[in-house]
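Student: I'm new to this one and would like to learn how to read it. Could you walk me through it, a feature at a time?

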Amino acid sequence: MDIHALQQIVHQTRDARRKQTIPKFSPADRDQLIHKYHPDYRASAYRPIRFGPNADEKTVVELATLLEGDSLITDEMDLTPQYTTDVLVIGGGGAGCAAALHAHHAGAKVMLATKLRLGDSNSVMAQGGMQISVAPEDSPVTHFIDTLKGGHMHNDHDLLKVMVEEGPSIAKWLIELGVLFDRQADGNLHVKKGGGSSKPRLLTCSDYTGLEIMRVLKDEVLNQKIQLLEFCAAVELLSDEHGQCTGAIFKDLDNHRFVVVAAKSVILATGGIGRLHIQGFPTSNHYGATGDGLCLSYRMGAKLAHIDTFQYHPSGAVYPEQLVGQLVTEGIRSEGGHLVNAKGERFVNELDTRDVVSSSIIRECEEGRGIRTMSGRVGVWLDTPLLDAEHGPGTVEKHFPAMMMQFERFGIDISKDPVLIYPTLHYQNGGVKIDTNSETNVKNLFVAGEASGGLHGRNRLMGNSLLDLMVFGKRSGLTAASRAASMSHGKLTVQHLQRFRADAKKHGNVSGVTSPMILPAYTRKT
Amino acid sequence: MAQDNTNVIDQPEVMQPRMVSIEISGKKYDVPEGITVIKALWYTGQEVVRGAGCLGGFCGACATYYRTKDDPKVRTCLACQMAVEDGMSFTIMPPFPARKATYDIQALKDPKQDLFNLYPEAPLCRNCNACTEACPQKIDVREGVWKAVFGDFKSVSEMFMDCVMCGMCTPVCIADIAPNLVALYVSRAQGARFTEKPVGLDARIKEIQEGRYNDEWKKLLKMSEKELADHCATVK
């Protein structure tokens, strides 16, 4: 049977399913389900990191291997800098652009280096919106509490307080740059309610929030003539004799030469790790999301936080192949869309939390009640035509135009046919530990955005990452610039590598892996 | 748990995909039918650095020219969003050297008039519509350029909300306009200069600056872990 024939069961069972109510799991069942099926609880997928600042702490095998990996750089490399700058920003997404603009505005000489093009990042793909407490019935304190609950109470309180309090002024800055947030009739900002939030707090630009913000920030970086180094991947940091960060070494991806940049302070804004495909998961992430910043900071001695927890979005597309891993918005489920297995049965309350829904989808597929596509992937149905049946014809088209268009490109009308979904690796909850100025325990090394950790606790609330980027991008930029103004350039050495290598040797590290990964290995070798 | 095979459809396509013949930058290859243009590049052993970005149709990095079998018409697509078919020929478009004007959006005296200083070629549109045909996001680009010139900045900003800045409208313009850059300027001007200031936002910023929440913070941050968890549970 092909996939279109298999879809028929969704149509055949729709009316019967509409009469059903599926209760939410009891706390005990919920725990059991998650422990058995949620990827974060797969003991076999984890192992302790053998050495370095997080020695003996567990993380996923893929990341542990890269963190223990060796540098491309030899001890004897000529470290004469090709460029000298005050503030070096590594990463051209939301956090990197915000950091560069603020450092530049504060008077520092700034260089922005990025692995791909300026702007290429997860930020540009953010659709849901940006959480900022602007509604009269809302407050920064409520935003704090909601986020804390979302993060299972593990969030760093200081970071979180800073983020929620500086949110409104960030919105003002973006508006002054020309970002077109959706408005109410009275001119005030329109806010939507996001999952896990007690108040409507999501600022949106249609369903292109990240794209709109990034278009503007990128344009502004160009307007300010900030020095750019594109298609250059950071492969090592530089340190002086005291272990303070003094610059970075890049690999120019066009000519494969190394580029040395001397800087007074370095801001890493390299994003997340979706493209490591941990535990074999597809991902909603950008091509370059390979966790480079984590490896670089770790070798330098920076401590990581919460790197054993990742966010899997329950509904990533499984079919057509072109859309694999891309998000199918949660809105479909909130408007009543059913999740249906190969037997035509519902198996979870669709509005349960993300971890519960993801776990039950994985359970269905592992127990053989999934649907396999022509390319060998497995998923369950999301009954999208149900929305038209429930709320009247045209509902899907009216409420989810971007998604309609995305599937229409492949000849699929989601208002008539259900879509196939499976959890997709979406976000790295943890990262490099930072203080409220975005600085790590390595002096003059700052980390901002998804590469940093602590703020989101063990689970990120929808819409908080766009704000995280802007607030800590700004703080890192301002602190790095003011620091740079009062200091001179440090020595350029790779002494930290010698320490790291000695440590690796002691622990018998013979993995032969070099890190960072730079780009995922999708190119077919045979 | 072992997979129960009753519902698994192990079709021949899974085991042996149907191969199609395509041409990449003038060279012929056989690749599985239905994979994306970008995946076809990987399949043929090519490293992709330029021409890959978000892989989700948002960033415009993979602007591509393609032609289908026996059709003389050259079309445009995003390589991450287009499936290959038999006889297809394609090449990824290198970044086009369009001129971007630089400006300080807040310092402009009259943004509608300044459009003609920053992008003097904008009013020279000859109505050929090639830009609209080239747009993979189905934006009516030509209409947008006309509206920009006539000062209807609001419409332009709405029309171009889903512009991914792939730049495919630029090389086809016979008047040398870079419509995406014109639209970006216009949208920024609309947002920064012609959109009402949100009063509620300013009020919230003032409240925070004046310490309206200080007492609440003090109370909250002094709580023990248990007290904080209990307090959080009361907020629904």
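Tutor: Let's start with burial: a residue is buried under 20% relative accessible area, exposed over 50%, and partly exposed in between, using a 1.4 Å probe and protein chains only. By that rule A:H256, at 54% relative accessibility, is exposed. Keep in mind that this is a predicted model, where local features need pLDDT of at least 70 and side-chain atom pairs count only at pLDDT 80 or more, while totals for chains, interfaces and linings use all residues. Residues are numbered from 1 along each chain as its sequence is written, chains are lettered from A and ligands numbered from 1 in the order in which they are written, and side-chain values use heavy atoms, with hydrogens and water left out.

Student: Where does A:H256 lie?

Tutor: Helices (H or I, at least four residues) and strands (E, at least two) are DSSP runs, numbered from the N terminus. A:H256 lies in the loop of chain A between β10 (245-252) and β11 (258-268).

Student: And what should I look for in its phi?

Tutor: A:H256 has a positive phi, near 60°, and is not a glycine. B:L55 also has a positive phi near 60°. B:L55 sits in the loop between α2 (37-43) and β3 (63-67) of chain B, and at 10% relative accessibility B:L55 is buried.

Student: Which peptide bonds are cis, for instance the one from A:Y319 to A:P320?

Tutor: In general, most peptide bonds are trans. The bond from A:Y319 to A:P320 is cis, with omega near 0°. A:P320 belongs to the loop between β13 (310-317) and α9 (331-334) of chain A. Another cis bond, with omega about 0°, joins A:S515 and A:P516, and A:P516 is in the segment after α15 (495-506) of chain A.

Student: How do I read the neighbours of a residue such as A:S359?

Tutor: Contact means heavy atoms within 4.5 Å. Leaving out residues up to four places away in sequence, A:S359 touches A:L33, A:I34, A:Y37 and A:H38. A:S359 is part of helix α10 (residues 354-366) of chain A and is buried, at 0% relative accessible area.

Student: What does the side chain of A:S359 reach?

Tutor: Think of polar contacts here: a pair of N or O atoms within 3.5 Å, where within protein one must be able to donate a hydrogen and the other to accept it, and residues adjacent in sequence count only if both atoms are side-chain atoms. The side chain of A:S359 reaches the backbone oxygen of A:D355 at 2.6 Å.

Student: How many residues of chain A are in contact with chain B?

Tutor: 88 residues of chain A contact 77 residues of chain B. Buried area is the accessible area (1.4 Å probe) that two parts lose on being put together, summed over both. Chains A and B bury about 7,200 Å² between them, with 59% of it on carbon and sulfur atoms. A:L180, A:R215 and A:R372 supply 9% of the area that chain A buries against chain B, more than any other three residues.

Student: Which residues show me the interface up close?

Tutor: Beyond its neighbours within four places in sequence, the contacts of A:P140 include B:R204, B:I208, B:Y213 and B:W217, and A:P140 is buried at 0% relative accessible area. A:N223, in helix α7 of chain A, is in contact with B:K100, B:A101, B:T102, B:Y103 and B:R188, again leaving aside neighbours within four places in sequence. A:N223 is buried too, at 9% relative accessibility.

Student: How many salt bridges cross between the chains?

Tutor: A salt bridge is a side-chain nitrogen of Lys or Arg within 4 Å of a carboxyl oxygen of Asp or Glu. Six of them are found across the interface of chain A and chain B. One pair whose side chains meet this way is B:D202 and A:K172, at 3.1 Å from N to O. On the side of chain A that touches chain B, α6 (157-177) gives the largest share, eleven residues.
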